[in-house]
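This report describes selected features of one protein chain. The sequence and the structure are shown first.

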Amino acid sequence: MAHATLSHFLTLSSSRFSRLGHSSRFLRKPAPLSPVPLTGDGFRCCCSAAADQTSPSVMKRAVSGVQPTGSVHLGNYLGAIKNWVALQDTYETLFIIVDLHAITLPHDTQQLRKSTRDTAALYLACGVDISKASVFVQSHVRAHSELMFLLCSSTPIGWLQKMTQFKEKSRKEGGENASVSLLTYPVLMAADIVLYQTDFVPVGEDQKQHLELARDLAQRVNNLYGGRKWKKLGGRGGSIFKIPEPLIPQVGARVMSLTDGLSKMSKSAPSDQSRINLLDSKDLIADKIKRCKTDSFAGLEFDNAERPECNNLLSVYQIVSGKTKEEVMEECKDMSWGTFKPLLADALIEHLNPIQIRYQEITEDRAYLNKVLSEGADRATEIADATLHNLHQAMGFYMRDSSD
């Protein structure tokens, strides 16, 4: 929850769901998000309560994913995938290729299949370690679709109709010609998260609000069907779903366009010049950096609101070079753009080259990739089926006799 960067989980409207008229007597809002200390490698969580690390044998779970549409670009990588790698030693991680989200708009069926495979290969090439993380395709775990339908039964349609993205995308599709899935995809996104009893979802600093629907729906279902009502039906009682929290990287969560420092780097932008794709050739990377938008100020500096492109390019250089902000500032403060651009291009090429080499190796070994995705789906299904069983029981479905 476009190849939505930082995961598809970031693609929701920025409107807070607390403003959408949650007047149901069943709904008690989750506690507001407030920052707590750093956790993991370069991350902090914004939690309603500090993370419970009292049980060292039980790792907290983090879940994220990217749509297999278009090319994975530098924003996806620096804003999401690279940060996922940093989570693997601290959290139990599940990374999803969210192909069901890719069909909410008209799509090329052959391209979807190829893009799904390519995206999975890039996950691995970027450093996702299958000995520590589960990587799988969303449609390979059928519980995603089923949970979405069950959550839809508890989702007021007004919540979805007021979504900014639904309004914008449905207008582009011609209003009444827009698919129902375009309206309900935020519920699928929420299902992707709560299905795995997720503790944390990696997001950018500016995107904490995008978890609001998942949080609100989890709390709504807990209030409607959990607690004593569930226990009377033979369940354990208490909460059915965990309330997910955002996990925010300290740096790199928001990579901007090469043609507009005020807009995020996006695969949906009409010009390919606006982004660095992970599989761009060395010459193409150098050319894009050479032609990227800059300014006429003297020297280079971070955090000047009048110089968004400068801040963006310095931030990218900081991350791919592995240097601190202070080191970059000292190195680059007196540079001209003519000196800095080749430096940045070389750093990008050097950083992405191992990824491109590993990607080629993985895509040439289809049996290996299929095995990784199959094992990841098996692990995900194990967790997902337990969640669905609990929800079925709590919602009053007649449970299948396990002795059959």
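The sections below cover confidence, helix packing, backbone geometry and the surroundings of individual residues.

**Confidence**

The structure is a predicted model. Across the protein chain the mean pLDDT is 83, with 78% of the residues at 70 or more. Residues 33-40 have a pLDDT below 50, and the model gives this stretch 27 contacts beyond near neighbours in sequence. For residues 45-56 the pLDDT stays under 50 as well, and here the model has 27 contacts beyond four places in sequence. Where pLDDT is low, the predicted coordinates should not be read in detail.

**Helix packing and helix length**

Two packed helices are described by the angle between their axes and the distance between the axes. For helix α6 (residues 180-194) and helix α7 (residues 212-225), the angle is about 70 degrees and the axes are 9 Å apart. Since angles of 65 to 115 degrees count as roughly perpendicular, α6 and α7 are therefore roughly perpendicular to each other. On the α6 side the contact is made by P186, V187, A190, I193 and V194, which meet L213, A214, L217 and A218 of α7. The residues of this contact comprise 9 nonpolar, no polar and no charged.

Helix α13 (residues 366-395) has 30 residues, which at 1.5 Å a residue should span 44 Å; the C-alpha atoms at its ends lie 41 Å apart, in agreement with that expectation. Just after α13 comes G396, with a positive phi of about 90 degrees.

Most residues other than glycine have a negative phi. Which kind of phi does Q197 have, positive or negative? Q197 is not a glycine, yet its phi is positive, at about 45 degrees. This residue Q197 sits in the loop between α6 and β6 (200-202). Its relative accessible area is 17%, so Q197 is buried, the limit for that class being under 20%.

D303 is likewise a residue other than glycine with a positive phi, near 60 degrees. The loop that holds D303 runs between α9 (282-291) and α10 (308-321). With a relative accessible area of 57%, D303 is exposed.

| Pair | Separation in sequence | C-alpha distance |
|---|---|---|
| S139 and D99 | 40 residues | 6.5 Å |
| S266 and N76 | 190 residues | 8.5 Å |
| W230 and L391 | 161 residues | 9.0 Å |

S139 belongs to the loop between β5 (133-137) and α3 (143-152). Its relative accessibility of 32% makes S139 partly exposed. Apart from residues up to four places away in sequence, S139 touches D99 and L100.

S266 is placed in the loop between β7 (245-249) and α9. S266 is also partly exposed, at a relative accessible area of 22%. Once neighbours within four places in sequence are set aside, H73, S274 and R275 are in contact with S266.

Is W230 buried or exposed? At 0% relative accessibility, W230 is buried. This tryptophan, W230, lies in helix α8 (residues 228-232). Not counting residues up to four places away in sequence, W230 touches a set of residues that includes Y225, G235, R236, G237, G238, S239 and I240. Also among the residues touched by W230 are N390, Q393 and A394.

Technical notes: Residues numbered from 1 in each chain as written. Predicted model: local features only at pLDDT ≥ 70, side-chain atom pairs only at ≥ 80, totals over all residues. Heavy atoms only, no water. Axes fitted to C-alpha atoms, helices over the stretch in contact; angles between N-to-C directions. Helix = DSSP H or I, 4+ residues; strand = E, 2+ residues; numbered from the N terminus. Parallel < 35°, antiparallel > 145°, perpendicular 65-115°, else oblique. Contact = heavy atoms within 4.5 Å. Nonpolar A, V, L, I, M, F, W, Y, C, P; charged D, E, K, R; others polar. pLDDT = per-residue confidence, 0-100. Expected span 1.5 Å × (residues − 1). Buried < 20%, exposed > 50% of the residue type's maximum accessible area, 1.4 Å probe, protein only.
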